[in-house]
Amino acid sequence: MRLSNYFLPTLKETPADAEMESHKLMLKAGLIRKVTAGIYDYLPLGFKVLNSIEEVVREEMNRAGAQEIKLPIIQPATLWKETGRWEDFGPEMFKLADRKDREFALGPTHEEIITDMVRNELNSYKDLPLVLFQINDKYRDEIRPRHGVMRSREFLMKDAYSFHATQESLDETYERMYDAYARIFDRLGLNWVAVEAPTGLMGGSYSQEFMALADEGGEEIVVCESCDYSSNVEIAKYEVSSKGDGKGPSKLKKVETPGMETVEEVAEHLGISSQKVVKTFIYRTDDGLVAALVGGDDDIEEMKLINHLGTKKAEMVSSQQEIKEITGANFGSIGPVGLDDDIPVYADLDVKSFTNFTVGANEDGYHLTNVNWERDLEDVNFINLRKVNRGDSCPECGSELEFHKSIEVGQIFQLGTKYSDSLGGKYQDETGNLNPYIMGCYGIGISRLIPAVIQQNYDSRGINWTSEVTPFSAELIVLGSEDEKSFQLGEKLYEELKKRNYEILLDDRETSPGFKFNDADLIGIPVKIIIGPRGLENGVLEVEFRSGNKEEIEVENREIEQIAEKLGEGISASA
């Protein structure tokens with residue numbers, strides 16, 4: 001490709017609304033341009049990178065035995081209403097109506113529509129297992145699109161779906177997909193880790209996220225360096241501590257705590273540790289109200305409560321009037337003792353060992369001290385409920401957990417029969433009985449992989465592409481384009497290297513050497529081949545690698561094929 005004809009509008013200045021380095025560089029290097037919040041044009045260089053990533057993903061999906069299809073973006077509301085997700089998906093779903101007022105969605109995901117397709121075609125155990133995948137656009141009306149294509153409202157995704165007769169078959173495919181993902185991210189040169197993850201709106205019994213480690217990543221994970229444990233912070237476990245005082249139960253007391261709204265105020269007034277003041281929160285779920293308890297220094301992780309209850313949502317009661325109607329007190333004085341019997345109590349595992357602790361008395365200006373579980377509270381459900389904290393220990397081996405920023409680039413799910421049950425997707429087994437398909441789901445954010453690769457591979461000069469992603473193998477930079485000898489050598493090498501299947505960019509623009517060098521570094525060209533009158537006077541051309549290493553190639557009295565072969569060795573070595 002000749003740069004004089006290539007649409008590559010690079011920028012000197014960083015756009016004001018770009019914060020993350022990958023977003024800045026994608027704009028400055030001319031990969032993308034913003035249309036509106038969360039929606040971007042891909043320019044030729046960006047589209048070329050996108051296609052390179054897409055082909056790596058496609059190759060590994062084919063290798064794993066998945067068959068490629070293409071599903072429609074516009075999906076009828078009727079399918080989503082059958083599964084109950086038409087309302088559950090919430091405002092992130094783009095909804096529209098046709099001229100006959102029939103409701104549709106712009107597909108945020110494709111579980112419903114692929115299950116509908118398969119239920120109409122696949123009806124025998126002999127047809128199972130089946131794995132189908134597509135690479136297609138998805139649409140989600142993000143409340144806060146940010147970081148360029150990292151979290152956008154239109155994005156390219158690879159999603160695969162598997163259908164099985166047995167759990168064992170699903171387990172086998174799930175492992176095969178895990179291995180395929182590992183090969184994809186390794187080929188793309190990513191530093192990644194797979195972590196246990198919440199299943200969220202997709203549902204199912206088990207899920208793992210593939211996270212690219214990045215200092216500016218928007219997701220946080222915990223990893224144990226001493227064993228294999230790793231998890232998304234939303235569901236991370238920890239070694240349960242024992243914080244009891246070792247004393248027997250003391251007499252329950254109601255004490256005045258006038259005007260005290262916070263744990264710190266109550267603890268100081270009573271002369272106790274803030275961790276001994278157990279906090280109570282009231283949540284509204286699909287099945288009614290629940291109380292959730294954590295230690296005074298801890299915070300509730302709502303996803304853990306949602307996962308444990310198997311509910312679609314859990315919303316904290318935040319209205320002062322509502323909380324008083326439910327408990328009889330304002331927020332600063334609520335507690336689990338004496339709550340309505342219809343409100344089940346869930347407490348964090350860490351507080352199970354507490355004795356003689358303090359809670360709100362459900363009366364304004366009062367707390368209960370010397371509370372003990374077995375004596376004062378019945379039927380408490382102890383679960384992993386609090387947020388994981390720095391300094392927490394691994395639940396598997398006891399080593400301290402490490403926290404890392406990361407970018408989610410893929411997620412795989414064991415869906416079970418969630419969609420086949422609700423949509424009536426069934427197959428006939430050997431005995432003639434009908435059974436729902438057991439399903440799996442496997443997603444990769446194709447467009448998100450571009451900023452993930454950039455975020456792990458950039459420097460002060462610009463992007464530093466990994467070998468599978470780089471849009472061009474090398475760039476021929478002709479200095480002094482008016483110099484006939486330099487120009488002719490550049491043209492001949494350009495054609496000869498293309499014959500050898502190298503992706504070559506020829507910078508034949510009439511501009512300064514500094515501008516050409518800066519652009520090459522900015523867009524991440526791994527090898528610069530510099531052809532200029534000064535070098536040719538000495539019988540050489542200069543090869544500069546993105547790593548900073550340089551070498552000279554003799555051109556005096558050598559055939560163009562010999563020069564190209566020598567350059568090819570350097571290009572291949574840099575990959």
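Two residues count as being in contact here when heavy atoms lie within 4.5 Å. I'm keeping that in mind for these entries, and also that I'm looking at a predicted model.

**Entry 1: two helices**

I started with helix α2, residues 44-63, and helix α6, residues 167-187. How far apart are their axes, and at what angle do the two pack? I found the axes 9 Å apart and the angle at about 150 degrees. An angle over 145 counts as roughly antiparallel, so that is the label for α2 and α6. I also looked up the handedness of their crossing, and it is right-handed.

**Entry 2: who touches whom**

Next I wanted the residues behind that packing. From α2 I noted V56, V57, E59, E60, M61 and R63. On the α6 side they meet M177, A180, Y181, R183, I184 and R187. What kinds of residues make up this contact? I got seven nonpolar and five charged, with no polar ones.

**Entry 3**

Then I moved on to some strands. Three of them form an open sheet, in the order β13-β19-β18, with antiparallel pairing. Which strands sit at the edges? They are β13 (253-256) and β18 (357-360), and each pairs on one side only. Going from one strand to the next, the twist averages 30 degrees.

I reminded myself that strands of a sheet pair through backbone hydrogen bonds.

**Entry 4**

Last, I zoomed in on β13 and β19, the latter being residues 366-371. These two pair in the antiparallel sense over four bridges.

Definitions and conventions: Residues are numbered from 1 along each chain as its sequence is written. This is a predicted model: local features need pLDDT of at least 70, side-chain atom pairs count only at pLDDT 80 or more; totals for chains, interfaces and linings use all residues. Side-chain values use heavy atoms; hydrogens and water are left out. Axes are lines fitted to C-alpha atoms, for helices over the stretch in contact, and angles run from 0 to 180 degrees between N-to-C directions. Angles under 35 degrees count as roughly parallel, over 145 as roughly antiparallel, 65 to 115 as roughly perpendicular and the rest as oblique. A crossing is left-handed if the near helix is turned anticlockwise from the far one by less than a right angle, and right-handed if clockwise. Ala, Val, Leu, Ile, Met, Phe, Trp, Tyr, Cys and Pro count as nonpolar, Asp, Glu, Lys and Arg as charged, and the others, Gly among them, as polar. Two strands pair if DSSP finds at least two bridges between them.
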